[in-house]
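Please look through the sequence and the model below, and then follow the explanation one step at a time.

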Amino acid sequence: MVRGGVPLKGELRVLPAKNSALKLMAASLLTDQPVVLEEVPRLRDIDVLLELLGHLGTRHAWEGRTLHLHTPEIRSTQAPFELVSKMRASFNVLGALAARAGEGTVPLPGGCTFAERPVDQHIKALRALGFEVTAQVTEQGMAYTARRLKPASGRVVYDLPTLGGTEQALLAAALGGEAVLVNTPQEPEIVDLCRFLVRMGVEIEGIGSSILHIRGKPHLRGVRYRVIPDRIEAGTYLLAAAATRGSITLTHVEPFHMDALLDKLSYSGHRITTGRDWIRLEAVPDPQPFNLEAREYPGFVTDLQPPATAYLCTVPGTSLVSDRIYPDRFTHAGELARMGADITLKDRTLIIQGRPLSGAAVEARDIRAGGGLIIAALAAEGESHIAGLHHIERGYEDVENRLRSLGAQVGLQQPELALAAD
Ligand SMILES: CC(=O)N[C@H]1[C@@H](OP(=O)(O)OP(=O)(O)OC[C@H]2O[C@@H](n3ccc(=O)[nH]c3=O)[C@H](O)[C@@H]2O)O[C@H](CO)[C@@H](O)[C@@H]1O
Ligand SMILES: C=C(OP(=O)(O)O)C(=O)O
């Protein structure tokens, strides 16, 4: 429940990146030694992956935000459907299991259903590295088994830069021989995973470029590693401050991961200042619209497309929004229209005429659509009720208290957690 129209003001410490932490957790399967991840967000997705890793043989313990992981041996090579179906990142244990235990079986992943999300490049990569991959139709749908026939080596040429497909090959190749990955994405989460694997003992050249040369090792060591800040959480709060014409300072953030968004926000007229690990936004009352096309890093990230769309709905003038990564990722558009947004979808492009929004009952159908609806509700006049909190909680930790700390009037729709202002 959000009562809108209050400019967000204050300072927020950005939390660590879910999309990086999940991949590092999967990579911890590659060693029989303890792995310590410093700064892990406390999110539902992290708990789901911990449950999956536990099933495979990983013991874990929390110490504040520090996560201790240890997999002395792989106890099961089968990932249960009930867990994999909850989150896409869980598919990445396939390469790690096949590399460490010689075999792994993982059902087709779940996760946000905003678009068709194929895994053909994951399978192509594993086959190119010498794994035998078979698909079985089970009662719960398709599952894939990968078997190691020899130490992983080979050349993978991706049809398109895929984060998941590249992560799959990095894990599969880490305990192998020599591998070359061509047409890889440059996203910070890939760089983070590469650095983590290097600390474990893997040799990787070309980190941050579109060609990665990997020299795997027969044994990898345990590491202690700090997860990068969450550029998606950071961007969502910046857009929320801009939409409510407020001002916000984010700390513990990597400004250079966020160039594309910061550029758009300053084009829009807002005053942006940055330091080594902080970003400050002071909103202007009369911002300019802009067009955006979500694409690979360092372009505008697809996960911030729904939040940015919500912001643009509040900016007078015309904006065009499209998404090259997931061209149909628009589950938020119809819900924004319920809040009075003038938004139409034509030829896979949103055409937005910005104008004031009003509170309404809406439903988040995936994580970032939820981020967008929260932004719209914060900017709207009146009260909004956002259903689908379980999606939002996959990606945004403690969102109601974090928003309240910035002055937002927000609460869960339960008597004891009624609106802070009530
Ligand atoms: C490059 C990119 O922006 N990746 C985003 C993608 O990562 P995620 O890992 O989910 O997706 P990929 O990066 O693998 O997908 C990028 C593109 O490749 C296509 N594809 C992918 C794998 C495959 O086997 N076959 C195939 O065709 C996808 O449909 C998509 O169009 O969604 C995540 C969740 O929203 C975001 O956090 C990532 O930033
Ligand atoms: C869509 C996301 O997660 P998943 O890929 O697990 O569905 C996300 O983090 O925005």
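How many residues does the largest nonpolar core have, and which of them have the most contacts inside it? In this predicted model, the largest nonpolar core has 71 residues, and those with the most contacts inside it are Leu-238, Ile-375, Ala-376 and Leu-378. If we leave aside the neighbours of Leu-238 within four places in sequence, we find Leu-238 in contact with Ile-248, Leu-250, Leu-261, Leu-265, Ile-279 and Leu-281. Another core, which lies apart from the largest one, has 68 residues, including Ala-146, Ala-169, Ala-174 and Ile-190.

The protein chain is divided into domain 1, which takes in residues 2-14 + 229-417, and domain 2, which takes in residues 18-216. The C-alpha centres of domain 1 and domain 2 are 30 Å apart, and the contact takes 16 residues from domain 1 and 15 residues from domain 2. On the side of domain 1 that touches domain 2, the largest share, 3 residues, comes from helix H13, residues 389-395. Sorted by class, that side of domain 1 has 9 charged residues, 4 nonpolar and 3 polar.

The ligand brings both domains into the picture, since the shell around ligand 1 draws at least three residues from each of domain 1 and domain 2. This shell is made up of 22 residues, of which the closest are Pro-118, Gln-121, Thr-162, Leu-163 and Gly-164. The elements that give two or more residues to the shell are helix H5 (120-128) and helix H6 (163-173). By class, the shell around ligand 1 divides into 9 nonpolar, 7 polar and 6 charged residues.

Methods:
Residues numbered from 1 in each chain as written. Chains lettered and ligands numbered in written order. Predicted model: local features only at pLDDT ≥ 70, side-chain atom pairs only at ≥ 80, totals over all residues. Near = placed C-beta within 6 Å. Helix = DSSP H or I, 4+ residues; strand = E, 2+ residues; numbered from the N terminus. Nonpolar A, V, L, I, M, F, W, Y, C, P; charged D, E, K, R; others polar. Domains from an automatic or database assignment. Contact = placed C-beta atoms within 7 Å. Core = buried A, V, L, I, M, F, W, Y, C linked by C-beta atoms within 7 Å. Buried ≥ 20, exposed ≤ 12 C-beta atoms within 10 Å, placed from the backbone.
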